Amino acid sequence: MSRRFDYGTVKTTVEKYARVFPRSLPSIKVPVSKEKIKLRHKFIKTGEGRCYHLKAALTSLFRDERIELSKCTALAVRPYAERLIQLAIEYGDCHKPTMETCDYWIEEKELIHKLFKDLVPRFENCKSSYTLLHRLPDKYEKLDNNNWKFIAPYILELKGNPYPPVPDGKHLHENSLLNVLLREAGKKFYSERRKATTSTDLDVQT
């Protein structure tokens, strides 16, 4: 027997959250996956384990302001960090539901004070995202059974952190000997081709 959809329950739930958060927040400035991102970790077998993993990553991000993560974890954690900062800016530390939300997701409670006293003044006039995501060069990690594991590491950081900027991976090796030789060979090739094209045009005109 099919179960009828209870619109009254949905309406009550919407009204409840409308009272808790009276002002609707704008969308966060980072892309959010429409599908659930699978977190590949041996300890993540339930939804509760997934929450513990996300809370640990969020706590590290607010503490260190720059962390290295796997691709899936970085993409999953980033929207949570953006929304927590947005809630803190919009409602402040006197709003009980906001404080309860921060208390749930941030494991080290002294970082809640940092969120409201340090990060909120830093980002309150920011018109773009509060975080940056960088991809590091791929690497391989040796396992115990003489096999190798492919890792695509990412860096997730808060804007305005005290660390040096992450270098752009596209320009890391532009001055290496091989790239310099290839660049000069390309210049010579195109220069000779332009000369050949010019001489051919002159012969045709003659």
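Which residue in β5 stands opposite H134? Select I155: in this predicted model, I155 of β5 faces H134. Numbering starts from 1 along each chain as its sequence is written. Local features need pLDDT of at least 70 and side-chain atom pairs count only at pLDDT 80 or more, while totals for chains, interfaces and linings use all residues, and side-chain values use heavy atoms, without hydrogens and water.

Show β1 (66-70), β5 (153-158) and β2 (131-135); strands are DSSP runs of E, at least two residues, and helices runs of H or I, at least four, numbered from the N terminus. Together they form an open sheet in the order β1-β5-β2, paired antiparallel (pairing takes at least two DSSP bridges). β1 and β2 are the edge strands, and β2 pairs with β5 over 5 bridges.

**Stop two: the core.** Now select F62, I106 and L115, which have the most contacts inside the largest nonpolar core, a set of 30 residues. Such a core joins buried Ala, Val, Leu, Ile, Met, Phe, Trp, Tyr and Cys through side-chain atoms within 4.5 Å; buried means under 20% relative accessible area with a 1.4 Å probe, protein chains only. Beyond four places in sequence, I106 is in contact (heavy atoms within 4.5 Å) with T59, F62, L84, L111, I112 and L115.

Finally, pick α3 (71-91) and α5 (110-123). Their axes come within 9 Å and cross at roughly 90 degrees; the axes are lines fitted to C-alpha atoms over the stretch in contact, with angles from 0 to 180 degrees between N-to-C directions. α3 is therefore roughly perpendicular to α5 (65 to 115 degrees). Look for L84, I85, A88 and I89 of α3 against L115, F116, V120 and F123 of α5.

Key. Buried means under 20% relative accessible area, exposed over 50%, partly exposed in between (1.4 Å probe, protein chains only). Angles under 35 degrees count as roughly parallel, over 145 as roughly antiparallel, 65 to 115 as roughly perpendicular and the rest as oblique.
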